[in-house]
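Please examine the sequence and the structure shown below. The briefing that follows then sets out selected features, grouped by topic.

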Amino acid sequence: MASQTLNSSIQPTDVYGGDEVQAIILDPGYSSVRAGFAGEDTPKSFVPSTYGVAGGKLIFGDDAIHNPLLNLEIRNPMAKDGTVEDWETATQLWEHSITSRLTSFKQADPRKNGLNDDVKDLDVEMEGVEDGEKAMEEHPLLMTETAWNSAKNREKSIEIAMESWGCPAFWLARNSVLAAFGSGKATAMVVDVGASTASVICIHDGLILKKTVQKSPLAGNWVSSQIRSLFASSDPKVILVPHFTIASKTPVDAGAPAQATFRKFDTSPTPSFIALEEERILTEFKESVVQVWNGQTGPLMAETQPGQRNYDFLKNQVGRPFEMPDGSNQLWTAERYTPAEGLFSPRHALPVPNEPAPAPGQSLPEMIKASLGAADMDVRPHLLANVVVTGGATLMNGFTDRLNNELVALYPGAKVKIQAAGLTAERRFGSWIGGSILGSLGTFHQMWISRKEYEEFGANVVEKRCK
């Protein structure tokens, strides 16, 4: 029998979200902030988490922060583990990501918008306009958080949404749970390798199993530092020359020294700006050259026969060329497998200056073993049959093959099935897409924390409601 629609007398009064009002999904991370409307495929707004400071003024957005002439100091409001460190700036950054692409202030009535008023009355007319109008008065907000977020941070999130942005309703969801939802799973083991943190978390019926939470700093940015070590130990040494320093270049043969003309700057860019620009080259190298060894015959440096290692076998395989911004280029063969090897086998990681060597327990296989070991025996087969892979760093060539081989080696009798989205956007924005699906479900509309509830119970309501 078709379900009857509720009439207005029995319909709940604090349900938000219907078809008329679109919820906004905000997914902040260490490298970027993703924002967009619920029900859409990908986030409309994608803003780097890094921002520039010039003369006390904050500059947000991908285009603005890469300008070498502004003499910017580059900073990040997020801590390395993906939680917020600087709330004041994070709030402005998120506001920019929402208002720059998704919402704008409502257009005023032309008769009252002040354009036809006498100039001397202008100050009086403008009073109270900013206070009365908030960017998100019409949009419920679903925000993501890490599984290890503190209660204080959770309360701060709802305060910003309700007090600063005037949201009519709010919900806070764990990003690993949303990544599982995005893959159509309510029970899953989520392997998330982002920019600053890699994590393995087991989820059962849409809830995180707290004991199974494992995290490690061996993620995308750590692979970038491995690439730096690779460049420093290469012969000849590879020098990172950012794009903005090059005025012109002449093509040269592989292995030949670069022939480039450099730009002159009146004030030399700050070290943090140079580091940001170098990171762009490392990211390009990571995306186009670095590959993960499949691990079928053991780790990269393991011997398959006496005196014959997997690494030696790869030396005879076809390499990949890479051209630096200054025009110098070379072919990378077996070396391109070394930066990512530490994710699976930390003892084979390249040494990074001023950084401790990674611990064995920080590798992905060890984290999976620890996470699964903390889960109940009965749910382990379900978790292994639903391994969800998400995060930008998992897009490295060969990553899922290696993960599958490691899991099969760890659990020989079990059925192992990896769910890894083929589309780049789906893998990078896994938790945002899960939030988009959740926020657009009709059954979810009764879950929102309404403004009325917030006013009645205070910020602590988020701890009681959002498990």
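Is Cys466 buried or exposed? Cys466 has a relative accessible area of 1%, and because this value lies under 20%, the residue counts as buried. The model discussed here is a predicted one. It describes a protein with 17 helices and 21 strands.

**Overall make-up**

- Of the 467 residues in the protein, 49% are buried.
- Contacts between residues at least 6 apart in sequence were also examined, and 68% of them join residues at least 24 apart.

**Cysteines**

- The number of disulfides in the structure is 0.
- In general terms, a disulfide is a covalent bond that links the sulfur atoms of two cysteines.
- Cys202 has a relative accessible area of 0% and is therefore buried.
- Cys466, with its value of 1%, is buried as well.

- Ile65 belongs to helix α1, which covers residues 62–65.
- With a relative accessible area of 0%, Ile65 is buried.
- Beyond its neighbours within four places in sequence, Ile65 is in contact with Pro48, Thr50, Tyr51, Gly52, Ile59, Leu72, Ile74, Phe273 and Leu276.
- Thr50 is situated in the loop that runs between β3 (45–48) and β4 (51–54).
- Thr50 has a relative accessible area of 18%, and since the limit for a buried residue is under 20%, Thr50 is classed as buried.
- When residues up to four places away in sequence are not counted, Thr50 touches Ile65, Ile74, Arg75, Asn76 and Leu276.

**Helices α7 and α8**

- Helix α7 spans residues 220–233 and helix α8 spans residues 271–288; their axes come within 10 Å and cross at roughly 90°.
- This angle falls in the range of 65 to 115 degrees, so α7 is roughly perpendicular to α8.
- On the α7 side, the residues that meet α8 are Gly220, Asn221, Val223, Ser224, Ile227, Arg228, Leu230 and Phe231.
- On the α8 side, the partners are Ala275, Glu278, Glu279, Leu282, Phe285 and Lys286.
- Sorted by class, this contact of α7 with α8 has 7 nonpolar, 3 polar and 4 charged residues.

**Helices α11 and α13**

- Helix α11 (residues 364–374) packs against helix α13 (residues 399–410) at an angle of about 50°, and their axes are 10 Å apart.
- The two helices, α11 and α13, are therefore oblique to each other.
- Their crossing is right-handed.
- Leu364, Pro365, Ile368 and Lys369 in α11 meet Phe399, Leu403, Glu406, Leu407 and Leu410 in α13.
- By class, the contact of α11 with α13 has 7 nonpolar residues, 2 charged residues and no polar ones.

**Ser431**

- Ser431 is part of helix α15, which comprises residues 430–440.
- Its relative accessible area is 11%, which means that Ser431 is buried.
- Apart from its neighbours within four places in sequence, Ser431 is in contact with Asp27, Asn175, Leu178 and Ala179.

Technical notes:
Residues are numbered from 1 along each chain as its sequence is written. This is a predicted model: local features need pLDDT of at least 70, side-chain atom pairs count only at pLDDT 80 or more; totals for chains, interfaces and linings use all residues. Side-chain values use heavy atoms; hydrogens and water are left out. A disulfide is a pair of cysteine sulfur atoms within 2.5 Å. Buried means under 20% relative accessible area, exposed over 50%, partly exposed in between (1.4 Å probe, protein chains only). Helices (H or I, at least four residues) and strands (E, at least two) are DSSP runs, numbered from the N terminus. Contact means heavy atoms within 4.5 Å. Axes are lines fitted to C-alpha atoms, for helices over the stretch in contact, and angles run from 0 to 180 degrees between N-to-C directions. Angles under 35 degrees count as roughly parallel, over 145 as roughly antiparallel, 65 to 115 as roughly perpendicular and the rest as oblique. A crossing is left-handed if the near helix is turned anticlockwise from the far one by less than a right angle, and right-handed if clockwise. Ala, Val, Leu, Ile, Met, Phe, Trp, Tyr, Cys and Pro count as nonpolar, Asp, Glu, Lys and Arg as charged, and the others, Gly among them, as polar.
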